[in-house]
Amino acid sequence: MTQTHAPILPPGQRRRMMVSCGVAAVLVAGSLVSARFAGLRFNQTPSMPRGIWQVAHVAGPLGRGQIVTVCPPDTKAVRLGAERGYVPQGDCPGGYEALVKPIAAVQGDLVEVAASGVRVNGHQVDGTAQLDQDSAGRPLRAFPAGAYQ
């Protein structure tokens, strides 16, 4: 038995569909670029609520509790984090996504690191107890314990 295959759409409709898809792709890309210029960022990491964040430039010093976006440095530890999927790809140097993080300590604060977690000026920072492994069971290297100014 011989089977024949006919295109799902006639050539004219197929061409219009391809043009429509191309126009839609250009509009989506343009919207993303425009959002970037408007100071909007998409956070896709679970450490802060996922979604669209508006970036506002702050005059003066930053303070504890403020939320900032930072480009992670291109270090061995960050490269390992990217390989393991902790740090998404993005527009920062090194190809990383900017991270959205709250400021826990500022200049002059005493930061103490221990297996039980991080303390700033004697106050425990929630959710900072060191883990031996990640959610995939891979070993994690502990940050050196000690006091840091």
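A: Two strands pair if DSSP finds at least two bridges between them, and helices (H or I, at least four residues) and strands (E, at least two) are DSSP runs numbered from the N terminus. This is a predicted model, in which local features need pLDDT of at least 70 and side-chain atom pairs count only at pLDDT 80 or more, while totals for chains, interfaces and linings use all residues. Residues are numbered from 1 along each chain as its sequence is written, and side-chain values use heavy atoms, with hydrogens and water left out.

Q: OK, what is the strand order in the open sheet of four strands?
A: The order is β7-β6-β5-β8, with antiparallel pairing. The edges are taken by β7 (123-124) and β8 (146-148), each of which has a single partner strand, so one side of each is left without a neighbour in the sheet.

Q: And how many bridges join β6 and β7?
A: Two bridges join β7 to strand β6 (residues 117-120), in the antiparallel sense; Arg119 has Gln124 in β7 as its bridge partner.

Q: What does Leu110 touch, not counting residues up to four places away in sequence?
A: Taking contact as heavy atoms within 4.5 Å, Leu110 touches Arg119, Val120, Asn121, Ala147, Tyr148 and Gln149. Leu110 lies in the loop between β4 and β5 (111-114), and its C-alpha is 4.7 Å from that of Gln149, although the two are 39 residues apart in sequence.

Q: Switching topic, how many disulfides does a search of the whole structure find?
A: One, where a disulfide is a pair of cysteine sulfur atoms within 2.5 Å. Cys71 and Cys92 form the disulfide, with their sulfur atoms 2.1 Å apart, and the link is left-handed, with -70° about the S-S bond. The pair links distant parts of the chain, 21 residues apart, with Cys71 in the loop between β3 (67-70) and α2 (76-83) and Cys92 in the loop between α2 and β4 (99-102).

Q: Is Cys92 buried or exposed?
A: With buried meaning under 20% relative accessible area, exposed over 50% and partly exposed in between (1.4 Å probe, protein chains only), Cys92 is buried at 7%, whereas Cys71 is partly exposed at 44%.

Q: Which residues make up the largest nonpolar core?
A: Five residues do: Val78, Val87, Cys92, Tyr96 and Leu99. A nonpolar core here is a set of buried Ala, Val, Leu, Ile, Met, Phe, Trp, Tyr and Cys residues joined through side-chain atoms within 4.5 Å.
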